[in-house]
Amino acid sequence: MNVSWEELEGMCLSCHKCSLSETRHNVVIERGSRTARLMFVGEGPGEQEDLSGVPFVGPAGQFLDKLLIAAGFEDDDYYIANVVKCRPPNNRDPLEEEQAACIGYLRRQFLLVRPKIIVCLGRIAAKALINPDFKITKERGVWFERKGIYMCATFHPSAVLRDMSKKKPAWEDIKAVRRKFDELREEK
């Protein structure tokens with residue numbers, strides 16, 4: 001079902017499909033350019049995101065921003081969303097039923113943005129979008145193609161902040177995303 005941005009936003013803001021709607025401060029839908037060729041997908045909002053209504057604005061988002069700036073991305077190059085639009089209590093992983101309740105909104109975001117590259121930030125997003133059996137430590141940085149869209153996964157920025165040994169691999173993944181982004185721009 002095709003919907004407009006306004007309709008999608010209204011659907012998300014009025015959603016009560018799962019219990020996350022009972023504890024949210026804000027529905028967290030998007031950040032970035034709606035015409036971007038590159039889309040990042042995280043698992044769900046954290047505390048700062050729930051308070052602001054904007055994805056990836058807390059420490060993990062600030063770290064992601066630093067990576068993207070270092071790789072030469074401009075703000076209008078990318079779009080950011082999450083698998084679930086409401087914060088799971090205590091930042092726990094979103095449950096499968098919560099993801100299932102919300103995945104339709106993310107699919108509509110894909111249809112509206114029409115990215116050429118999707119980068120899953122962490123295992124939850126990779127399991128939801130690439131493969132339910134995805135192993136982030138083993139398969140991060142590997143490209144998959146589906147219907148002309150290139151997909152890969154990297155460590156979630158919050159995982160990198162908890163374990164700095166993941167910083168170099170995450171940086172290598174972002175540089176690979178930059179190369180793919182440039183390659184696809186040249187094909188245009």
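Mentor: Start with the second largest pocket, which is lined by 15 residues. Nearest its centre lie Phe110, Ile118, Arg146, Lys147 and Ile149. Keep in mind that this is a predicted model.
Trainee: How much space lies in the second largest pocket?
Mentor: About 440 Å³.
Trainee: And which element gives the largest share of that lining?
Mentor: Helix H4, residues 96-113, with four residues. H5 and E6 also each supply at least two residues of that lining.
Trainee: What classes are the residues in the lining of the second largest pocket?
Mentor: Nine are nonpolar, one is polar and five are charged.
Trainee: OK, what about the largest pocket, what volume does it have?
Mentor: About 610 Å³. It has 28 lining residues, and the closest to its centre are Glu43, His156, Ser158, Ala159 and Arg162.
Trainee: Which helices supply at least two residues each to the lining of the largest pocket?
Mentor: Helix H2 (47-52), H3, helix H5 (123-129) and H7. The largest share comes from H7, with four residues.
Trainee: How does that lining divide by class?
Mentor: Into eleven nonpolar, nine polar and eight charged residues.
Trainee: Which residues lie nearest the centre of the largest cavity?
Mentor: Cys15, Cys18, Arg24, Cys86 and Cys102, out of 16 lining residues. H4 turns up here too: it gives the most to this lining, with four residues.
Trainee: How many in the lining of the largest cavity are charged?
Mentor: Four, along with ten nonpolar and two polar.
Trainee: And what lines the second largest cavity?
Mentor: Phe63, Leu64, Leu67, Leu121, Thr154, Phe155, Pro157, Val160, Ala170 and Ile174. By class, nine of the residues are nonpolar, one is polar and none is charged.
Trainee: Which helix gives the most to the lining of the second largest cavity?
Mentor: H3, with three residues. Helix H3 (59-70), helix H7 (157-162) and H8 each supply at least two.
Trainee: Now the sheet. In what order do the strands come?
Mentor: There are six, in the order E1-E3-E2-E4-E6-E5, forming an open sheet with mixed pairing. Strand E1 (31-32) and strand E5 (144-146) are the edge strands, each pairing on one side only.
Trainee: Do me one pair in detail. How do E2 and E3 run, parallel or antiparallel?
Mentor: Parallel: five bridges join strand E2, residues 38-42, to strand E3, residues 78-82.
Trainee: What stands opposite Gly42 in E3?
Mentor: Asn82.
Trainee: Last one. Which strands does H8 lie across?
Mentor: Helix H8, residues 167-187, lies across E2, strand E4 (117-121) and strand E6 (149-154). The angle between H8 and E6 is about 170°.

Key: Residues numbered from 1 in each chain as written. Predicted model: local features only at pLDDT ≥ 70, side-chain atom pairs only at ≥ 80, totals over all residues. Heavy atoms only, no water. Pairing = 2+ DSSP bridges. Contact = heavy atoms within 4.5 Å. Axes fitted to C-alpha atoms, helices over the stretch in contact; angles between N-to-C directions. 1 Å grid on protein atoms, 1.4 Å probe; cavity = no way out; pocket = protein on both sides within 12 Å on 5 of 7 lines; lining within 4 Å. Nonpolar A, V, L, I, M, F, W, Y, C, P; charged D, E, K, R; others polar. Points joined across faces, edges and corners; volume = space filled by probe spheres on them.
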